[in-house]
Amino acid sequence: MADMYSKKVMDHFYRPRNTGEMKKPDAVGEVGNPVCGDVMKIYIKVKGGRIDGIRFQTMGCAAAIATSSMVTELAKGKTLEDAQKITRQDVADALSGLPPIKMHCSNLAADALHAAIGNYLKGAEKARAEKKD
Amino acid sequence: MVTMPKAYLDHAATTPVSGEVLRAMEPFFSKRPGNASSLHAYGREAKEALDSARAQVASALFCSPDEIVFTSGGTESDNLAIKGACLANRHKGNHIITSKIEHPAVLATCRFLEKQGFAVTYLPVSKEGFVSPQDVEGAITQKTILVTVMHANNEIGTIQPIAEIGKIANGKGVLFHTDAVQTAGKIKTDVNGLGVGMLSLSAHKLYGPKGVGALFVRKGVRLEPLAHGGEHERSLRAGTENVAGIVGLGCAMALAQKGMENEALREQRLRDRIIETALSEIGDSWLNGSRQSRLPGNANLGFKYIEGEGLVLLLDGKGIAASTGSACSSMRLEPSHVLTAIGLPPEDAHGSLRLTLGKGTTESQVDHLLEVLPGVVRKLRKMSPMRKGLEWKGTEAGHG
């Protein structure tokens with residue numbers, strides 16, 4: 001089984017970066033479904049339009065954990081705009097590829113990141129609207 | 001250099017060929033190359049080797065040697081039994097009864113037969129994985145021509161009440177087959193006590209080679225062959241016999257009979273230690289399958305909030321070979337049909353771990369597993385967004 005994964009996937013699976021719950025995040029994005037065996041949660045802190053802090057929690061297979069870890073590395077320090085451009089393919093490429101069967105089901109990390117950024121922007125917009133009132 | 005302790009705990013997947021079996025097989029590759037169908041001395045030597053292996057297998061199953069058909073393994077034995085019996089008996093009816101937790105070799109064969117016009121009843125199982133003999137009785141109709149229920153389940157280790165099911169099937173005059181791939185050589189497989197008309201087994205699960213197995217076919221049971229050709233194996237299985245493999249199977253079966261009870265007790269003690277320690281040290285965990293009627297070497301544990309593939313790979317990193325019923329480890333991305341059939345919700349079926357012990361399993365390997373397992377579960381749970389509250393009852397809480 002370990003054979004179907006690249007060295008990079010195994011590295012991020014054995015030593016995942018930026019794991020654990022974040023206290024007082026600016027926004028959270030959650031995707032997946034426990035029924036399918038994959039749930040990803042990404043926490044972000046935003047400062048000056050950039051991702052200043054990022055952490056993840058994932059229940060899922062090695063690919064799910066590795067993609068979560070990789071997306072946090074890719075997004076760290078990026079502007080929200082650039083972070084939103086990170087695609088599933090970018091995450092898979094940065095991991096030197098994923099087994100075809102895992103491309104869809106376990107490659108949700110970019111979606112979780114986009115959900116977190118989306119929630120942040122919605123929150124910011126709401127705050128602006130409230131200020132105007 | 002300190003070598004990492006290793007523990008192969010996946011004996012339900014396959015077992016290593018024992019030295020004695022390997023030595024018995026070796027001459028039949030080059031030194032004794034005969035085809036058992038040849039008339040000359042080489043052929044006679046091969047034929048004698050087949051006869052003696054047939055007697056060894058028959059003795060372990062308490063049947064007559066001419067009731068043994070050698071095959072390429074468990075899957076072929078199941079296919080020959082089920083398709084063979086259904087095709088030979090279709091004038092009598094078209095109904096098959098099986099269970100929802102059979103091995104894919106049985107389930108996929110039944111689904112194939114459904115496409116050919118047969119009707120199949122897939123019986124449910126209890127939470128512990130038992131097929132109810134009453135359910136079998138209730139499902140038998142005038143059209144039922146075959147009942148097939150596995151002796152013990154390969155994932156959760158539940159041993160079925162085969163003798164009771166056999167009584168019912170025989171009482172109604174319905175042919176009864178059991179897949180004994182997980183039990184042959186491990187616990188007693190007496191075809192008369194079990195009341196079966198056919199029984200499948202595989203050599204590589206009992207310290208024999210891969211690619212060889214056998215089907216017991218009771219005298220008088222009619223089968224349509226799947227492979228047509230020469231008159232090998234009473235014309236039930238054409239093709240030059242795998243002499244070396246069959247010799248290996250015979251030797252492995254004979255060896256398994258020696259000290260079977262002691263080995264079963266030894267594995268059972270190790271298994272119980274794994275179950276008891278893991279369940280008491282790791283919270284939100286459970287045992288899949290039956291506590292009592294269980295294969296001696298099978299422990300199938302469930303852990304909440306995590307996924308089995310990660311568990312297997314982290315254990316692999318610690319030198320421990322195990323397996324899981326998680327979807328992510330299969331190509332279909334669905335959780336195990338067995339864990340689903342015993343009523344586990346999918347999210348719980350994903351977190352299963354199967355540890356299967358064998359002759360090579362030692363006390364110190366079990367120590368190593370029990371040292372490593374809590375930390376591995378903890379590592380994955382720390383990462384999991386599903387975790388609720390504190391799940392540690394053991395002493396591991398401060399570590400990792």
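Start by colouring chain B by pLDDT: this is a predicted model, and chain B averages 94, with 94% of the residues scoring at least 70. For the model, ipTM is 0.89 and pTM is 0.92.

Now select residues 389–400 of chain B. Here pLDDT stays under 50, and the model has 18 contacts beyond four places in sequence for this stretch.

Next, go to strand β3 of chain B, residues 95–99. Is it buried or exposed? Show the side chains and look around the strand: 5 of its 5 residues are buried.

Strand β4 of chain B, residues 119–123, runs parallel to β3(B) and is joined to it by 5 bridges. To see one of these pairings, pick Ile96(B), whose bridge partner in β4(B) is Val120(B).

Click on His95(B) and you will see Thr144(B) of β5(B) standing opposite.

Last stop: bring chain A back into view. The contact takes 22 residues from chain A and 23 residues from chain B. On the chain B side, select α10 (308–317), α12 (346–349) and α13 (363–383), the elements that give two or more residues. With 6 residues, α10(B) gives the most. Colour this side of chain B by residue type and you get 12 nonpolar, 6 polar and 5 charged residues.

Terms used: Residues numbered from 1 in each chain as written. Chains lettered and ligands numbered in written order. Predicted model: local features only at pLDDT ≥ 70, side-chain atom pairs only at ≥ 80, totals over all residues. Contact = placed C-beta atoms within 7 Å. Helix = DSSP H or I, 4+ residues; strand = E, 2+ residues; numbered from the N terminus. Nonpolar A, V, L, I, M, F, W, Y, C, P; charged D, E, K, R; others polar. pLDDT = per-residue confidence, 0-100. Buried ≥ 20, exposed ≤ 12 C-beta atoms within 10 Å, placed from the backbone. Pairing = 2+ DSSP bridges.
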